[in-house]
Amino acid sequence: MGKFYTALGLMSGTSMDGVDASIIKSNGIDKFHNLLDEYSKFDSDLHNKLVNLRDKVLTESDLLKYSKELRILERELTIFHSKAANEILEKYRKNTGENIDLIGFHGQTIYHDPKNKVSKQLGDGKLLSQLTNKPVVFDFRQNDLKNGGQGAPLTPVFHNLLANIIFEKHKDKFPNFLNIGGISNITNTVKDNDNLKTNIQAFDIGPGNCLIDEWIRNNSNKKFDEDGLIAKSGKIDKLILNQAIDNFHFKSYKESLDVKDFDISFARGLSLEDGCATLTNFTAYIISEGIKFSIEKNESNTNNYLICGGGRKNTFLIKYIADYLANIKNISLNSIDKYDYNGDFVESQAFGFLAIRTYLNLPITFPDTTGCKKPCIGGKIVKNF
């Protein structure tokens, strides 16, 4: 079974709205207990700085061009993470009298270009270690990129563990995972917890919340479409939608995606509500095509998908996805919350788990999850206190 470690996972996603923090206990292989989850929201100044800088960095050379701004913002972001980390650690100590062993620190993705083996996450692991007095595992993507992988998605090995735990507990159909964050990805799971031997399949399938969020940010004073209510109040422009679908060509599910791979220009000129409805339906179409691809690839023939990430709350988006899949028999789409897991914190829990695996010298990415040549250990471990 192996020794159990306690880790804090920190995740800031493509919505750039704040930090999800989760304390977990695991042996890094087949056991997992979630102990505490907390969310710390960015103030509007930090949020705007992150969004604006990400929008400026469009090429690898821009990383050099804006290097000073990136350094300053990285420090500010790391200090924010340290405050969030110390708050949840103090709460955990008060509740249990215990400390944690290490921190898994994802950082904030600013630029992702797997073709040129470049993926930039803002986050200073050394500084975070100094400010929290804990060993920190960070920079999770580089080793995978060096070994021919796409550097994403990173969570499938954790999805696979959750699938096995949920199946053991509920004896329902064995679940796959659909994560709808800024980008959507799918994990086709397998009934096997020895992750050194599994052939877990995973792939990015298209936009998640990124197009909808960008539209809302550009056309209102809100940051996202809460529960899909704005889209629900609008009308889909069928002509624009059909043109967008006809013009959309997905090169390959072997490539990982970035929010900059998509744009909202085709909805220009529509009202806030109609543009939101049209973009939501367009996103649902692409996700549904990804699910169809997943079903074709999946040898276990289970069409049961657990949905996590912020997009699961957009009821209008989920309804459209279900509509596009209406002809597929026995398909089920359920929020992971139905199984007593909070879908907001699956990724932060995952980075706690990935930190433990890195510490144990176990791989976190596999040929069928990122396209790496061989199973890869990921993350750098730093102790700076």
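Here are legends for several close-up views of this predicted model.

**View 1. The six-stranded open sheet.**
Start with the sheet whose six strands run in the order β3-β2-β1-β4-β7-β13. This sheet is open, and its pairing is mixed. β3 (32-41) and β13 (380-382) sit at the edges with a single partner strand each, so one side of each has no neighbour in the sheet. Going from one strand to the next, the twist averages 20°.

**View 2. Strands β1 and β2 side by side.**
Zoom in on two members of that sheet, β1 (residues 5-11) and β2 (residues 18-26). They pair in the antiparallel sense, and seven bridges link them. To find your way, look for Leu10: its bridge partner in β2 is Ala21. As background, the strands of a sheet pair through backbone hydrogen bonds, and they can be parallel or antiparallel.

**View 3. The five-stranded open sheet.**
Here is an open sheet of five strands, again with a mix of pairings, in the order β10-β9-β8-β11-β12. Which strands are at the edges? They are β10 (201-207) and β12 (332-335), and each of them pairs on one side only. The twist in this sheet averages 25° from one strand to the next. At the β10 end, strand β9 (residues 183-188) pairs with β10 in the antiparallel sense over six bridges. One spot to look for is Ile186, whose bridge partner in β10 is Phe203.

**View 4. The hairpin of β5 and β6.**
Next up are β5 (108-113) and strand β6 (residues 118-122), which run antiparallel and are joined by five bridges. Together they make a hairpin, with four residues between the two strands. In the turn, Lys117 has a positive phi of about 55°. Asp113 has Val118 of β6 as its bridge partner. Is β5 buried or exposed? It's mostly covered: six of its six residues are buried.

Now look across to Leu145, which is 31 residues from Pro114 along the chain. The C-alpha atoms of Pro114 and Leu145 are separated by 6.8 Å.

**View 5. Phe140 meets Phe351.**
A search of the whole structure turns up 14 aromatic pairs, and this view shows Phe140 with Phe351. Their ring centres are 5.2 Å apart and their planes stand at 70°, so the pair is edge-to-face. Where do the two residues come from? Phe140 is in the loop between β7 (136-138) and α5 (142-146), while Phe351 belongs to helix α12 (residues 346-359). The pair therefore ties together parts that are 211 residues apart in sequence. Phe140 is buried, at 3% relative accessible area, and Phe351 is buried too, at 2%.

Phe248 is partly exposed, with a relative accessible area of 22%, whereas Phe282 is buried at 4%.

Rolling a probe the size of a water molecule over the atoms shows where empty space is left. The second largest pocket has a volume of about 640 Å³. How many residues line this pocket? There are 27, and those lying nearest its centre are Phe248, His249, Lys260, Asp261 and Phe262. The elements that give two or more residues to the lining are β5 (108-113) and α9 (238-247). α9 gives the most, with four residues. Sorted by class, the lining has twelve nonpolar, seven polar and eight charged residues.

Note on methods
Residues numbered from 1 in each chain as written. Predicted model: local features only at pLDDT ≥ 70, side-chain atom pairs only at ≥ 80, totals over all residues. Heavy atoms only, no water. 1 Å grid on protein atoms, 1.4 Å probe; cavity = no way out; pocket = protein on both sides within 12 Å on 5 of 7 lines; lining within 4 Å. Points joined across faces, edges and corners; volume = space filled by probe spheres on them. Nonpolar A, V, L, I, M, F, W, Y, C, P; charged D, E, K, R; others polar. Pairing = 2+ DSSP bridges. Axes fitted to C-alpha atoms, helices over the stretch in contact; angles between N-to-C directions. Phe/Tyr/Trp six-rings, centres within 6.5 Å; stacked < 30°, edge-to-face > 60°. Buried < 20%, exposed > 50% of the residue type's maximum accessible area, 1.4 Å probe, protein only.
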